[in-house]
Amino acid sequence: MRFLIISLVFVSVINVWRVLVDANVGEKVRLVDDLFQNYHKAIEPVGPKDDPLNITHMLQIRRLVGYEDGILTLDVWETLSWEDKRLGWKPDAYSDLASLSLPTDMLWTPDVEQLFSANELLPKNTEHARRLQLFSDGTILYPTHNQIMNTYKCQENKEWVSCDLQFSPWTYDGTVINVINQDDVLNSDLLHPGKSSLHFVSASARRNVVTYACCPQPYVDVTYTVTFIKLPKSA
């Protein structure tokens, strides 16, 4: 008898859980349908008062892969963040849903790319980059984890190596997209040195605005300068 009662209670709990899950899925479907009814992902969002859209660029260096023939190779986490007011909603109208995880191909995403890569054919790791996080205020968080990036923009002497990783929109100038760095100094807590003859010293970020004689529009980039000291060679 006791086993029967426990079984009935267990089944009841499972059924209630299923109802709640189904209701949550239904609210997500309704929300997505409402958000994307008149949404066109080919059109970029705009900033407040039609100002350029701010794209926040974040970089976390995880591992020094190597340095050879003037080329620095790093394993990094890259994250982009921006606001698309077309995709905001009131959570209380959708059972307090405050965020959605969505495939990247549903939304407009910025074409911020690394410039001066030593291997232009090196693909991004898309295993974890196929989804992004959309919040109810229209904020979008787009993580592209575990990328291998390299650069030939390096300087060195007998004691140190300093390299730049530069990121900029590929097709948008500064009147449309304004790229900004989240941090002036990069956090190195997750940095693993790997089997390298270099020791990490610092990584800083700066935002640059450049104009050219041919074109009046400004072009914006974020550049990270990573510096290492050379370790003595073991005998």
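## Reading the model

Helices (H or I, at least four residues) and strands (E, at least two) are DSSP runs, numbered from the N terminus. This is a predicted model, in which local features need pLDDT of at least 70, side-chain atom pairs count only at pLDDT 80 or more, and totals for chains, interfaces and linings use all residues. Residues are numbered from 1 along each chain as its sequence is written, and side-chain values use heavy atoms, with hydrogens and water left out.

## Overall layout

Starting at the N terminus, the elements follow the order α-β-β-β-β-β-β-β-β-β-β-β.

Let's look at contacts next (heavy atoms within 4.5 Å). Of those between residues at least 6 apart in sequence, 74% join residues at least 24 apart.

## Inside and outside

Residues are called buried under 20% relative accessible area, exposed over 50%, and partly exposed in between (1.4 Å probe, protein chains only). By this scheme, 37% of the chain's 235 residues are buried.

The accessible surface, from the Shrake-Rupley method with a 1.4 Å probe, is about 14,500 Å² for the chain, and carbon and sulfur atoms account for 56% of it.

## The cysteines

There is one disulfide in the structure, counted as a pair of cysteine sulfur atoms within 2.5 Å. Cys154 and Cys163 form it, with an S to S distance of 2.1 Å. Both Cys154 and Cys163 are buried. The torsion about their S-S bond is about 110°, so the disulfide is right-handed.

Two other cysteines are worth a look: Cys214 is exposed, at 64% relative accessible area, while Cys215 is partly exposed, at 21%.
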